[in-house]
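Here's a quick tour for someone meeting this structure for the first time. Take a look at the picture, then read on.

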Amino acid sequence: MQAQYHVGTYYWFGKGDITIDYAQAAHWFRRAAEQGHTVSQYFLGVMYESGRGVPLDEKESVRWFRKAADQGEAGAQFKMGVKYATGSGVPLDKQEAVRWLRLAADQDDPDAQLFLATVFPETQPTAAELAVRHEGFAQHKSNKAGSYNHTFSRKVLAEELSLLFTAQRQFDN
């Protein structure tokens with residue numbers, strides 16, 4: 001399965017002495033994808049979405065993206081989110097779009113994070129939520145006795161928020 005995927009990438013990217021041949025890439029990706037190889041499933045989704053090496057077919061692209069996405073492949077989860085956000089090959093469904101995009105974003109997929117922030121900004125965490133999640137607060141989430149698990153000092157909160165806002169200003173965000 002892994003070898004079939006690698007042969008597919010050689011044809012997809014034209015590695016070594018092999019020239020780009022999308023039909024051959026599709027053949028090898030399909031062999032690996034049918035055995036459950038998630039990245040090959042993702043590549044087949046891309047191929048059906050673009051019509052490279054296979055007929056252009058939105059429904060088939062969704063089928064392959066979903067197989068990979070259901071197995072946790074972040075790129076495919078991002079693609080499923082975009083499909084639902086645009087109604088491409090699936091019904092338009094904002095909730096389903098956000099669900100798939102959040103799964104990808106939670107795996108640090110930058111495309112999903114950007115899409116959520118620009119297309120669905122209301123889904124983004126507040127500064128306070130980001131601060132509470134920050135690893136720097138881990139040791140400050142309890143009092144000296146070890147209880148009150150979600151408390152931390154105002155001084156620490158002010159310092160962390162200052163860092164957060166400084167970083168946001170650097171990115172004009």
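The buried residues of H2 pack against helix H1 (2-13), helix H3 (38-50) and helix H4 (58-70), with contact meaning heavy atoms within 4.5 Å and helices being DSSP runs (H or I, at least four residues) numbered from the N terminus. This is a predicted model, where local features need pLDDT of at least 70 and side-chain atom pairs count only at pLDDT 80 or more, while totals for chains, interfaces and linings use all residues. Residues are numbered from 1 along each chain as its sequence is written, and side-chain values use heavy atoms, leaving out hydrogens and water.

So who's tucked away in H2? Ala25, Ala26, Phe29, Ala32 and Ala33 are its buried residues (buried means under 20% relative accessible area, with a 1.4 Å probe and protein chains only). They sit on the same side of H2, because they cover an arc of only 130 degrees around the axis, taken from the directions from the helix axis to the C-beta atoms.

Over in helix H3 there's Ser40, which counts as buried because its relative accessibility is 0%. Ser40 touches Tyr5, Phe29, Ala32 and Ala33, leaving aside residues up to four places away in sequence.

Now for the rings: the whole structure holds eleven aromatic pairs (Phe, Tyr or six-membered Trp rings with centres within 6.5 Å; planes under 30 degrees apart are stacked, over 60 edge-to-face, the rest tilted). Here are two:

| Pair | Centre to centre | Angle between planes | Type |
|---|---|---|---|
| Phe29 and Phe43 | 4.6 Å | 10 degrees | stacked |
| Phe78 and Phe115 | 6.2 Å | 80 degrees | edge-to-face |

Note on methods. Buried means under 20% relative accessible area, exposed over 50%, partly exposed in between (1.4 Å probe, protein chains only). Helices (H or I, at least four residues) and strands (E, at least two) are DSSP runs, numbered from the N terminus.
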